[in-house]
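Some labels given to residues rest on cut-offs.

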Amino acid sequence: MNEAARFEIYKKRLDGVCEENGLVYRFRRDVYPITLTIRPVGGIAEQLDMLASAEDNGYTSPDAAIVFSYRDGDISYKTANTFSIDDALFSRIKNLFKKMHFFWLQYFH
């Protein structure tokens, strides 16, 4: 299996994780550094669901984001606005980004 196929496998896994948790993502590979931006789904119904579950899961702003990136070989992240996410989901997304980043670089170079 080549690197492009492996990249697609992890991309599909991220699709599933985001769908299960009411999130959307953007993987930017056309700029430096490569980034993965995670946001809550922005529709009205999803915002109402988010407000209903805020007591159990913590509040997340509708315009919140987590941006993962690699710069000089080190992974980092930053958040915009209030984004509540549990540690297990955060780690899962972070690990998927690591793998997608690695296989994209292997494929591209």
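Q: Why is Ser69 called buried in this predicted model?
A: Its relative accessible area is 11%. The cut-off for buried is under 20%, so Ser69 counts as buried.

Q: Where is Ser69 found, and with which residues is Ser69 in contact once neighbours within four places in sequence are left aside?
A: Ser69 belongs to strand β3, residues 65-71. Its contacts include Pro33, Ile34 and Thr35, and also Asp74, Ile75, Ser76 and Phe97. Each of these has heavy atoms within 4.5 Å of Ser69.

Q: What makes Thr37 count as buried?
A: The relative accessibility of Thr37 is 14%. Buried requires a value under 20%, therefore Thr37 is buried. Thr37 sits in strand β2, residues 35-40.

Q: Which residues are in contact with Thr37, leaving aside neighbours within four places in sequence?
A: They are Val24, Tyr25, Arg26, Ala65, Ile66 and Val67. For one of these, Val24, the separation from Thr37 is 13 residues in sequence and 8.3 Å from C-alpha to C-alpha.

Q: How do you know that Arg28 forms a salt bridge with Asp30?
A: The closest N and O atoms of the two residues are 3.4 Å apart. The limit is a side-chain nitrogen of Lys or Arg within 4 Å of a carboxyl oxygen of Asp or Glu, so the pair Arg28 and Asp30 qualifies. By this rule the count is one salt bridge.

Q: Why is Arg28 called partly exposed but Asp30 exposed?
A: Arg28 has a relative accessible area of 26%, and Asp30 has 59%. Exposed means over 50%, buried means under 20%, and partly exposed is in between. Arg28 is therefore partly exposed, and Asp30 is exposed.

Q: What is the secondary structure of the protein chain, and which pattern does the chain follow along the sequence?
A: There are four helices and four strands, in the order α-β-β-α-α-β-β-α.

Q: How many residues does the protein chain have, and what share is buried?
A: The chain has 109 residues, and 32% of them are buried.

Notes:
Residues are numbered from 1 along each chain as its sequence is written. This is a predicted model: local features need pLDDT of at least 70, side-chain atom pairs count only at pLDDT 80 or more; totals for chains, interfaces and linings use all residues. Side-chain values use heavy atoms; hydrogens and water are left out. Helices (H or I, at least four residues) and strands (E, at least two) are DSSP runs, numbered from the N terminus. Buried means under 20% relative accessible area, exposed over 50%, partly exposed in between (1.4 Å probe, protein chains only).
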